[in-house]
Amino acid sequence: MQPAFSVLFLTTLIGAGQGLFLALFTAELGADIGWTPATPPAFLAIGAAVALVLTGLGLVSSFFHLGRPERAWRSAARWRTSWLSREVIVLPMFMAALACYGLAHASGWSAAHPVPTLVLGAITAALALALYLCTGMIYACLKFLQEWASPLTVINYTLLGLASGSTLATALAAQTAAPALTAFFGAGALLATAAAFVFRAASLVRNARLRPKSTLQTAIGVRHPRIVQISQGFMGGSFNTREFFHGRSRALLRSVKWVFLILAFPVPALLLATGVWLDRPALPALAFVLQYVGLLAERWFFFAQANHPQNLYYQAVA
Amino acid sequence: MTQLALVIDLNVCVGCHACVTSCKQWNTSGAAGPMSDRNPYGADPTGTFFNRVQTFEVGEYPNTQTVHFPKSCLHCEEPPCVPVCPTGASYKRPEDGIVLVDYDKCIGCKYCSWACPYGVREIDEQQRVMKKCTLCVDRIYDASLPAAERKPACVLACPTSARLFGDVHDPDSEVSQAIRERAGYALMPEWGTQPANHYLPRRRTTIAIRPEELARADNPLKVDGKLPKPPLRDPALDDVTSW
């Protein structure tokens with residue numbers, strides 16, 4: 001598949017936004033039980049605002065993927081069958097709940113009403129998790145894109161979002177000088193990054209062992225081991241040759257894979273650990289930036305690696 | 001229930017692209033149009049087509065077969081492109097099974113094209129919506145046309161009658177009989193899409209000749225064994241004598 005930058009930014013930005021909120025809400029819950037240090041409402045409000053900006057940017061980015069963005073409102077219609085439609089509904093719901101959550105903490109309403117705030121947070125968290133499910137299922141439900149058609153796709157979208165979000169939470173906590181929270185978020189970010197690495201590596205191993213179900217034999221229905229395409233029927237390009245081929249070399253694909261394997265996992269983990277250990281607030285911020293770049297590479301690779309069966313019909317120009 | 005479809009006979013398709021050009025002509029001027037082209041006379045032309053004819057070589061020289069393979073929307077009975085559409089622009093008509101795109105509802109998100117394993121949906125770069133074969137829905141029901149012309153443009157254009165059109169759910173239709181009696185098959189059956197369009201395979205015409213059929217033999221079964229058998233080289237009086 002040809003990676004579309006609108007979708008790369010959409011999925012990485014909203015993933016980080018959801019992850020950031022889930023990290024904040026976990027800390028708030030922990031503080032209420034007494035397991036984690038207190039979460040100042042101002043910090044939660046700032047965090048919610050940052051998460052809102054990220055998801056908003058993701059939403060804006062998604063419009064660049066549409067041929068007819070002015071009709072985007074129509075895409076909420078088929079939520080019964082389409083995961084894309086479900087995502088289109090859940091994303092604004094999550095943003096609205098997130099805005100309420102942020103406002104509740106910014107206005108001081110949360111201090112007066114702790115239980116309704118927690119309920120609001122729980123609803124927002126449920127929406128954040130539902131959004132991960134919708135985003136992942138958009139890809140995982142396409143059964144003949146075998147690289148994507150796996151529960152690992154949903155797990156990875158969730159874990160990678162949680163990793164980048166909690167790294168961002170660590171960076172925010174470090175910047176606003178809450179050392180106890182920094183350590184809590186840092187530990188969470190390390191855990192999420194490690195889990196994301198395990199499952200992303202698992203999906204890489206799985207995809208390396210895939211055997212395409214469709215072959216040229218089933219594509220044209222001729223039972224012969226040797227079939228070659230002589231002509232695809234036209235000399236110029238077409239939508240089919242542009243949308244489904246990344247047109248890059250295998251070597252580039254391999255280097256992008258190593259770039260994201262290094263940038264998204266060990267490098268931010270190392271920076272996070274040193275940042276928290278030595279109390280350097282700049283390091284978690286750098287960790288987030290590098291991890292985000294790594295996740296962009298990861299998403300690019302996710303698309304480029306997917307081999308669409310329609311490509312069987314477009315192997316030779318003439 | 002009706003399921004209109006094409007049956008394409010690969011045995012007689014000569015790869016002339018008449019179906020491609022007639023499809024483009026009819027649909028670019030009809031309800032589905034325009035099917036815009038970009039840079040049509042430039043170095044890198046590209047455009048929207050509903051139908052493509054591709055060519056494959058099967059086997060190894062000198063035992064090769066050239067297979068011309070017309071490819072358009074297969075109007076699947078379980079179309080994977082329809083449920084994924086977020087707007088409902090992509091739909092399958094219950095009355096005749098044609099899979100269509102409502103160009104006024106399509107947002108051009110391309111998700112349906114990702115969900116089609118056959119690669120038969122193409123986005124129109126100018127109108128910025130997804131387009132695909134309509135089975136000439138604006139033509140096959142047009143009562144102002146003579147009944148014989150109420151067929152898709154590609155079917156009418158095919159010089160070798162390689163394209164048959166009809167209801168594949170009616171067991172007595174021309175297309176159902178062709179599928180049944182001439183080994184019609186569906187593409188990529190592994191995905192369970194149940195394409196309505198079928199393809200008829202290449203057939204090689206062979207005659208089985210046994211060695212004794214090559215030598216002239218009067219009365220080969222020797223029914224009248226008592227009669228003397230003439231030498232092989234003797235002139236025979238075919239149809240006159242009865243040895």
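Helices and strands here are DSSP runs, numbered from the N terminus; the model is predicted.

Q: Where does B:Cys136 lie?
A: B:Cys136 is in the loop between E9 and H3 of chain B.

Q: Why is B:Cys136 called buried?
A: A residue is buried if 20 or more other C-beta atoms lie within 10 Å of its own. B:Cys136 has 26 C-beta neighbours inside 10 Å, so B:Cys136 counts as buried.

Q: What is phi of B:Leu135, and what of B:Cys136?
A: B:Leu135 has a positive phi of about 55° and is not a glycine. For B:Cys136, also a residue other than glycine, phi is near 50°.

Q: How do you know that strand E1 of chain A and E4(B) pair?
A: Pairing needs at least two bridges found by DSSP between the strands. Four bridges join strand E1 (residues 227-231) of chain A to E4(B), so the two strands pair, and they run antiparallel. Within E4(B), B:Phe56 is the bridge partner of A:Gln229.

Q: Which residues does the contact between chains take, and which element of chain B gives the most?
A: The contact takes 45 residues from chain A and 46 residues from chain B. On the side of chain B that touches chain A, E4(B) gives the most, with nine residues.

Q: What kind of peptide bond joins B:Tyr61 and B:Pro62?
A: The bond is cis, with omega about 5°. B:Pro62 is in the loop between E4 and E5 of chain B.

Definitions and conventions:
Residues numbered from 1 in each chain as written. Chains lettered and ligands numbered in written order. Predicted model: local features only at pLDDT ≥ 70, side-chain atom pairs only at ≥ 80, totals over all residues. Contact = placed C-beta atoms within 7 Å. Buried ≥ 20, exposed ≤ 12 C-beta atoms within 10 Å, placed from the backbone.
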